[in-house]
Amino acid sequence: MKKRTAFDICHTTALSAHGAALSRLSAVLLAALVAGSLSGCGGGSFSATRKSVAMETTAAAMEMDSYEAAAYDTAAGMPAPGGAPGSSSGFSPEAAPEQGTLTASGTIQPTVTSRKLIRNVDLHVETTEFDTLISSISKTVTDLGGYLESSDISGTSISGSYEYEQRRYASLTARIPSDKLDGFIAQVDTQGNITSRSESTQDVTLQYSDVESRKKSLTIEQERLWALLEKADSVDAVIALESRLSEIRYQLESLESQLRTYDNQVDYSTVRLSVDEVKVFTPTSPDSVFTRMQKGFQKSLANVGEGLLNFSVWFVTILPVLFVLAVIALILLLIAKQILAHSVRKAQKNSEQKAQKASEQDTP
């Protein structure tokens with residue numbers, strides 16, 4: 001697990017404080033705009049309203065500033081205003097504070113929750129029973145309350161196949177409840193041969209705390225602006241307030257989406273599995289001499305048996321071709337015999353004719 005350094009915490013806190021300052025500045029500018037709009041309407045009847053709106057907006061800005069400063073100090077591991085170092089509002093290695101209720105003094109009374117940890121695991125698994133393992137993994141994931149995010153299977157079966165055929169391979173991505181992750185890995189280990197395993201853990205407690213505090217401060221600002229909108233008597237003030245409320249709604253939706261993403265990643269760990277179909281498992285520990293001899297002998301017998309099997313398959317599959325070749329050879333042989341017989345007969349006939357002519361010439 002990667003630990004956050006003091007520099008990272010201070011940097012995050014500084015960014016948060018900068019965001020709080022921008023929020024306060026926007027609220028003050030909005031107050032000035034509302035006050036100016038109200039004063040443009042004229043009349044003493046709007047004087048009290050103008051002062052009230054300006055005071056409400058300024059108070060909202062100050063309260064949001066106090067709230068965010070206390071929230072980010074607490075998340076960064078510093079005591080909240082008015083708290084002593086080492087108090088329960090500090091950031092403990094065992095637990096992370098979550099912003100609680102806002103007190104009258106503008107500080108936060110934090111509540112302690114568990115850390116937000118995102119766990120990712122990569123497994124490379126070998127199996128001699130490919131279909132059985134894939135079905136078992138799918139069933140185990142469902143039984144544990146998880147789900148398969150993606151599945152990709154390629155290749156052909158190696159059972160009784162030729163050496164050049166591609167062995168089957170599967171790439172699976174499973175989402176497992178974080179509290180059942182170790183049990184899932186143990187089950188996979190009993191069903192296949194895990195040749196490699198890598199795991200990473202990301203602590204997003206501080207980031208989660210930052211998003212939550214920002215969401216709460218925006219919620220407070222939204223409530224204040226709704227109250228100001230009810231008191232606004234000019235069109236310019238209404239337009240300015242509604243514009244800011246629209247921005248806040250967009251920001252709140254974005255923050256809520258971030259929180260949902262964090263919750264999903266924390267609650268469901270990601271397991272990426274690479275499954276290979278093999279005939280013999282890869283040793284995960286050194287073998288003894290006897291074991292190596294035994295495996296070598298078994299491998300030789302398997303090679304001989306596979307060779308005989310492949311030859312038998314080849315011979316049976318080549319029989320039609322051999323039959324055609326045999327027919328062609330037989331036809332050619334018959335033709336050759338006919339030609340040879342004809343040549344012999346012709347030669348005999350020529351010999352007989354020559355003998356007859358010779359006998360006729362010898363007779364007076």
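Trainee: At what angle do helix H5 and helix H6 pack in this predicted model?
Mentor: Two packed helices are described by the angle between their axes and the distance between the axes. Helix H5 covers residues 205-231 and helix H6 covers residues 235-267. Their axes lie 9 Å apart, and the packing angle is about 155°.

Trainee: Are H5 and H6 roughly parallel or roughly antiparallel to each other?
Mentor: The angle between these two helices is about 155°. Angles over 145 degrees count as roughly antiparallel. H5 and H6 are therefore roughly antiparallel.

Trainee: Is the crossing of H5 and H6 left-handed or right-handed, and how many nonpolar residues does their contact have?
Mentor: The crossing of these helices is left-handed. By class, the contact of H5 with H6 has nine charged residues and five polar ones. The nonpolar residues in this contact number 15.

Trainee: Which parts of the chain does the aromatic pair of Tyr208 and Tyr262 link?
Mentor: The rings of Tyr208 and Tyr262 are 6.2 Å apart, centre to centre, with 55° between the planes, and the pair is tilted. The two residues are 54 residues apart, and the pair links distant parts of the chain. Tyr208 lies in helix H5, and Tyr262 lies in helix H6.

Trainee: Are Tyr208 and Tyr262 buried or exposed?
Mentor: Buried means a relative accessible area under 20%. Both Tyr208 and Tyr262 belong to this class: they are buried.

Trainee: Which residue has its charged end over the ring of Tyr208?
Mentor: Besides pairing with Tyr262, the ring of Tyr208 has a charged end sitting over it. That charged end is 4.5 Å from the ring centre. The residue is Lys116.

Trainee: How many aromatic pairs are there, and why is the pair of Tyr147 and Tyr268 tilted?
Mentor: The count comes to four aromatic pairs. In the pair of Tyr147 and Tyr268, the ring centres are 5.9 Å apart. This pair is tilted because the planes of its rings stand at 55°.

Trainee: How many residues apart in sequence are the parts that Tyr147 and Tyr268 tie together?
Mentor: Tyr147 lies in strand E4 (residues 147-154), whereas Tyr268 lies in strand E7 (residues 268-277). Tyr147 is partly exposed, with a relative accessible area of 34%, and Tyr268 is partly exposed at 26%. The parts tied together by this pair are 121 residues apart in sequence.

Conventions: Residues numbered from 1 in each chain as written. Predicted model: local features only at pLDDT ≥ 70, side-chain atom pairs only at ≥ 80, totals over all residues. Heavy atoms only, no water. Axes fitted to C-alpha atoms, helices over the stretch in contact; angles between N-to-C directions. Helix = DSSP H or I, 4+ residues; strand = E, 2+ residues; numbered from the N terminus. Parallel < 35°, antiparallel > 145°, perpendicular 65-115°, else oblique. Left-handed = near helix turned anticlockwise from the far one by under 90°. Nonpolar A, V, L, I, M, F, W, Y, C, P; charged D, E, K, R; others polar. Phe/Tyr/Trp six-rings, centres within 6.5 Å; stacked < 30°, edge-to-face > 60°. Buried < 20%, exposed > 50% of the residue type's maximum accessible area, 1.4 Å probe, protein only. Lys NZ or Arg CZ within 6 Å of the ring centre and 35° of its normal.
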